Amino acid sequence: MIETVPTRISHPTPKLDQNIMLFVRLLRAIGLKLGSASMLEAIDAAKTVGVADKDFLYHALVSCLIKRREDKALFDQAFYLFWQNPKFHERIRDLILPRIKAAGHQQEDVEPMLRRLTDALADPPDDKPTAAEDVEIDFDTEGTAADIDRLQHKDFEMMSAAEMLHAEQAIANLQPKLPRRSARRSKLSSRGQFIAMRAALQHAERQGGMVIPKFCSVITKPRPLVILCDISGSMEHYSRIMLHFIHALTSNHPQVSSFLFGTRLTNISRQMRHRDVDEAVHSVSHLVDDWAGGTRISASLEAFNQDWSRRVMGQGAITLLITDGLDRNRDDALGIHMKRLHKSTAALLWLNPLLRFDGFAPKSHSVRTIIQHVDHFLPIHSLQAMTDLTAILAKMQTRRDTKLAEWQAAARRASLAADLMPGHAKEPGYAQEREHTA
Amino acid sequence: MLAFDTVEAVQRELGSAGYIASDGLAVSLFLALAKQRALFLEGEAGVGKTEIAKMLTRVLDRDLIRLQCYEGLDINQAAYEWNYARQLVEIQAQRQSAENEKPAADNLFREDFLIERPLLRALRANPRGAPILLIDEIDRADEAFEAYLLELLSDWQISIPELGTIAAATPPIVIITSNRTREIHDALKRRCFYHWVDYPSREVEREILALKAPEAGAVLQAQVVDFVQTLRGQQLFKSPGVAETIDWAQALVELNCVALDPQIVDSTMGVLLKYQDDIGRIQGSEAARILSEVQAALVQGELSRA
């Protein structure tokens, strides 16, 4: 592959050290994890190579500052912006910001990385409070400031673009934990239950024949996670933030498989494994072509059961089904596919943004069908709901909650009644639930 | 150490032993043998992945060393284990014979205290030639075990920390199978020739049935194969494999059945389908419909041939 060097250096300055230091700070600000050792290396490398040839300087900095392939794209843009003019701070902000700012507020499809880069540039070094505030949308400090608290409980649907950005950052800091299960391997442990003969005899050989028993205990490992996320029209306001949530889960755990469905099912696990969340979301948006369209829950679940469930559901996987459960077409096979899904997984959690309404009741046919085959039923409309979910995941209790049991009983009664009156195929609940969302 | 000269020879030899290999499989197998690399077979349950290794054993007249994978499989069960009882006895013996100032435990980790498990055994010299190592259902073992296999598959050696590296006398013929209940890491696949074992075509499946269930008459064989082939197009949760086809034909022979009828199909459905949802969908009217289609098509074929 031919490396393209995105720069030209007009005036190599004697203040090379300082410039590289500033450049490293810029890279840190846009999310690269760089220590001061890397910075010293970069300065050293730049001095060794010299600044006469911009190509050499570029590659010298790449070799010192890039540790992951995913960071390369961000680095290239930062390099381009920074080394165009050594006095970058005033100049870049003057030149680039007005254009991007205008674009950022009016046009949604501004290049996401460029946006992040200019955001980082927009925070002058002395203007720390705003940056600190961003970081402090943390779940331990909940309620310390009124607006943070408000953001915590605010519905994603009601958030402005700026608030959404804060929420996305907060999600990136979530670090969700998954329920664990005991693996069939063991590790040495002084309080273990099993004798580790090999370790004991290795010790004996070193100690001249004194056999002291060593112990080991069984290790646990996180369960695999499967996420099925609805991106149809009724979920439109949530789909972007859900992608961020899925990315946060994927980057914290190795075994996360994620799928999007509207009218058809798409596997996005590989895209979500991209380290950079903007790149991940960007590549997914190219892959999926049924955004904000209709919903075919039943057909999508059937496709999942048929093609994927045996490949990703092994080893006691937990499944998250993110959907409002509203399917215009009444499909009687939905129950069969839900049942199959439920049987293939260790626990099935239904995350429904509609659950935020106090008056929620399983009225529409599809909701009534789905609810009979889930273990947990939780809201997912706000940051607080997501935090609660991660807490539940971390110590996954298997018992079902009582409210869910009530709903399930009601749903069972209702479908029984519907079966007894076959002519009664109308859906009284659908319109009422739509009213809540409006 | 080339076992076969041509791809056709692979097919011919396996065929005479009772295994009908598709072209793709024969080529992969030929390459794996010629290039001394592992063969990675993936496919649904019951399409004859394990059977290939067994047949190869018979054709090449080698030993079969089988490692059945399961979760938690570790070095002690897969590669080697130290004989702890003998080591303890050795300590006692050394202690009794030694003077007080000498160490009482010397060289406890010697080769003669090593218990060989399948992977290590496959590396040892064998009078019948390099053995066939079948690593069965690797998707059931955890990822850590895959990583352990990497050294074996690329350099044909096993490193034992206390002893050193044990290299193969001659590389074994390695066949790895997976049911794809999870994805196997690319690093492992890279070291193998990969082949996806698919359901056989109608013609191949008839050949297989003629070999494996000759007691069933030609009519029954044709009906059974056509019925199963139609079932595979029905979007079932688990389609019947070749093993199920053979089982079904043999079961029908046991029941003294010479041709399929709706009643016998319904009562033996459990041999073909293993999920209650699938059985519920097919049993009854759907089975009768498929059967009448199959019978009509067969009659049509007879007429056009006559």
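**View 1. Setting aside its neighbours within four places in sequence, Pro222(A) is in contact with Leu178(A), Pro179(A), Arg180(A) and His253(A).** Contact here means heavy atoms within 4.5 Å. Pro222(A) belongs to strand β3 (residues 215-222) of chain A; helices (H or I, at least four residues) and strands (E, at least two) are DSSP runs, numbered from the N terminus. With a relative accessible area of 24%, Pro222(A) is partly exposed. On this scale, buried is under 20% relative accessible area, exposed is over 50%, and partly exposed is in between (1.4 Å probe, protein chains only). Gly31(A) is 191 residues from Pro222(A) along the chain, and 27 Å separates their C-alpha atoms.

A note for all views: this is a predicted model, in which local features need pLDDT of at least 70 and side-chain atom pairs count only at pLDDT 80 or more, while totals for chains, interfaces and linings use all residues. Residues are numbered from 1 along each chain as its sequence is written, chains are lettered from A and ligands numbered from 1 in the order in which they are written, and side-chain values use heavy atoms, with hydrogens and water left out.

**View 2. Welcome to chain A, with its 20 helices and nine strands.** Of the 438 residues in chain A, 48% are buried. Among the contacts in chain A with a separation of 6 or more, 77% come from residues 24 or more positions apart.

**View 3. Helix α2 (residues 36-49) of chain A packs with helix α3 (residues 54-65) of chain A at an angle of about 155 degrees, their axes 9 Å apart.** This makes α2(A) roughly antiparallel to α3(A). Axes are lines fitted to C-alpha atoms, for helices over the stretch in contact, and angles run from 0 to 180 degrees between N-to-C directions. Angles under 35 degrees count as roughly parallel, over 145 as roughly antiparallel, 65 to 115 as roughly perpendicular and the rest as oblique. Residues to look for in this contact include Ala42(A) and Val49(A) of α2(A), along with Phe56(A) and Leu61(A) of α3(A).

**View 4. The axes of helix α11 (residues 236-252) and helix α18 (residues 383-394), both of chain A, come within 13 Å and cross at roughly 30 degrees.** The two helices α11(A) and α18(A) are therefore roughly parallel to each other. From α11(A), Ile241(A), Met242(A) and Phe245(A) meet Met386(A), Leu389(A) and Thr390(A) of α18(A).

**View 5. Helix α10 (residues 197-207) of chain A has Arg198(A), Ala199(A), Ala200(A), Leu201(A), His203(A) and Ala204(A) as its buried residues.** Their cover includes β1 (180-188) of chain A, together with β3 (80-82) and α5 (84-97) of chain B. Just after α10(A), look for Gly208(A), which takes a positive phi of about 75 degrees.

**View 6. Where chain A meets chain B, 26 residues of chain A are in contact with 36 residues of chain B.** About 2800 Å² is buried between chain A and chain B, and carbon and sulfur atoms give 44% of that area. Arg198(A), Arg310(A) and Arg311(A) supply 27% of the area that chain A buries against chain B, more than any other three residues. Buried area is the accessible area (1.4 Å probe) that two parts lose on being put together, summed over both.

**View 7. Ser239(B) sits in the loop between α10 (218-232) and α11 (242-254) of chain B.** Ser239(B) is buried, with a relative accessible area of 12%. Neighbours within four places in sequence aside, Ser239(B) is in contact with Tyr199(B) and Arg232(B).
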